Amino acid sequence: MDLLTLNKQIQQGNLDRFYIFTGEELTLQQLYIENMGKYQRVDTVAEIYNKITSKGLFDRGSTTYVVRDDQDFMKAENAWKDLNSRIKTGRLILCVTNPDAKKKFIKDNKDHIVEFNHMTTTQLMKRLEHLKLTDRPGILKYLIETCQNDYNTILNTIDQFNILQAAGICPVLSKEVIDSLVPPTHNETVFDLALNLINRSPETINILDHLIENDTNPLGIITVIYKYIHDCILIEGYRDDYKVLPVKTGLPGWRCKQLYMYNKIPPAKLLAALRLIQKYDNGIKSGVYSPKMGVYILILKILYI
């Protein structure tokens, strides 16, 4: 079931008895739950199972019961099979954080699944326009995309701005204000690290910190760095004749352009960097250096070579 169908059901007051909500947009899930009317959160389906499936024994109310990640319920096929027709009072929403398409529960109840993914920038701009945060669409777009289209992050950022605005600290929503309120995200890859390294950027160490924190293999990092340095040596040999780079080096045109623009390491020092890479690669493999210490020392030496 898609959100358009669910919207239509809510507007017409023709709701199903059983839904499975999933997806990363938890705030949007909550908004839809509230739009369905009176609701109550409970820990397990077992707590309210008899109440919702027994006709005439209990209050025939229209309460929506919301349960999150009830593993026992999802394993009990006799409890959930044909549940939409078996519920007699109210309705059940089971929120599932990490659905597994291979599980029988998910496969057999696919018609009851509503997936809440991040809205598009256009959808979010339309949803937020009534707040009149700014008369500049570009700023609103910047806010949404800085928050990576996550509705909860956007609302939290708006709340913070409203507090600062009321205090007279930030009278206008600007890019600078948004940057100060939204926590930075780290989506850099080992390829970003290599580009920053050959560009001799101080940001290289921050990217390395992020990669190591996320358990990126140090030897994998060194392999990528070696490839970038090696290709830079090829590029530098023909820097004076940029047009022949793809032919002479055998590298794709986009790669030649990228390395030509980014590399700030002189040819002689590129050769020294290559020797350093070989030294620390062998040192890590032979146990002279721990993998983390070895890659940090290597990066620092290439930066300040």
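This is a predicted model: local features need pLDDT of at least 70, side-chain atom pairs count only at pLDDT 80 or more; totals for chains, interfaces and linings use all residues.
**Entry 1**

Five strands form an open sheet in the order 2-3-4-1-5, and the pairing is parallel. I noted that strand 2 (39-41) and strand 5 (113-115) are the edge strands; each has a single partner strand, so one side of each has no neighbour in the sheet. From one strand to the next the twist averages 25°. For background, strands of a sheet pair through backbone hydrogen bonds, either parallel or antiparallel.

**Entry 1: strand 4 and its partners**

I then went through strand 4 (residues 91-95), which is joined to strand 1 (residues 18-22) by four bridges, the two running parallel.

Is strand 4 enclosed or left open by the rest of the structure? Five of its five residues are buried, so strand 4 is largely enclosed by the rest of the structure. I checked the side-chain directions as well. Arg91, Ile93 and Cys95 point one way, Leu92 and Leu94 point the other way, and all are buried. In a regular strand the side chains alternate between the two faces of the sheet.

**Entry 2: a helix on the sheet**

I looked for what lies on these strands and noted helix 2 (residues 26-35). Helix 2 lies across strand 1, strand 2, strand 3 (64-68) and strand 4. Its direction is at about 135° to strand 2.

**Entry 3: helix 14 against helix 16**

Two packed helices are described by the angle between their axes and the distance between the axes. I looked up both for helix 14 (residues 218-236) and helix 16 (residues 253-262): the axes come within 10 Å and cross at roughly 90°. The two helices are therefore roughly perpendicular to each other. Helix 14 makes the contact with Lys227, Tyr228, Asp231, Cys232 and Ile235, and helix 16 with Arg255, Cys256, Gln258, Leu259 and Tyr260. By class, I recorded six nonpolar, one polar and three charged residues in this contact.

**Entry 4: helix 17**

I checked the length of helix 17 (residues 267-286). At 1.5 Å a residue, its 20 residues should span 28 Å; the end C-alpha atoms are 29 Å apart, which agrees. After helix 17 comes Gly287, with a positive phi near 90°.

Most residues other than glycine have a negative phi, and most peptide bonds are trans. Asp82 has a phi of about 55° and lies in the loop between helix 5 (77-80) and helix 6 (83-86). Its relative accessibility is 53%, so Asp82 counts as exposed; the cut-off is over 50%. Arg200 has a phi of about 60° and lies in the loop between helix 12 (190-198) and helix 13 (203-213). At 27% relative accessibility, Arg200 counts as partly exposed.

Technical notes: Residues are numbered from 1 along each chain as its sequence is written. Side-chain values use heavy atoms; hydrogens and water are left out. Axes are lines fitted to C-alpha atoms, for helices over the stretch in contact, and angles run from 0 to 180 degrees between N-to-C directions. Angles under 35 degrees count as roughly parallel, over 145 as roughly antiparallel, 65 to 115 as roughly perpendicular and the rest as oblique. Contact means heavy atoms within 4.5 Å. Ala, Val, Leu, Ile, Met, Phe, Trp, Tyr, Cys and Pro count as nonpolar, Asp, Glu, Lys and Arg as charged, and the others, Gly among them, as polar. The expected span of a helix is 1.5 Å times one less than its number of residues. Two strands pair if DSSP finds at least two bridges between them. Buried means under 20% relative accessible area, exposed over 50%, partly exposed in between (1.4 Å probe, protein chains only).
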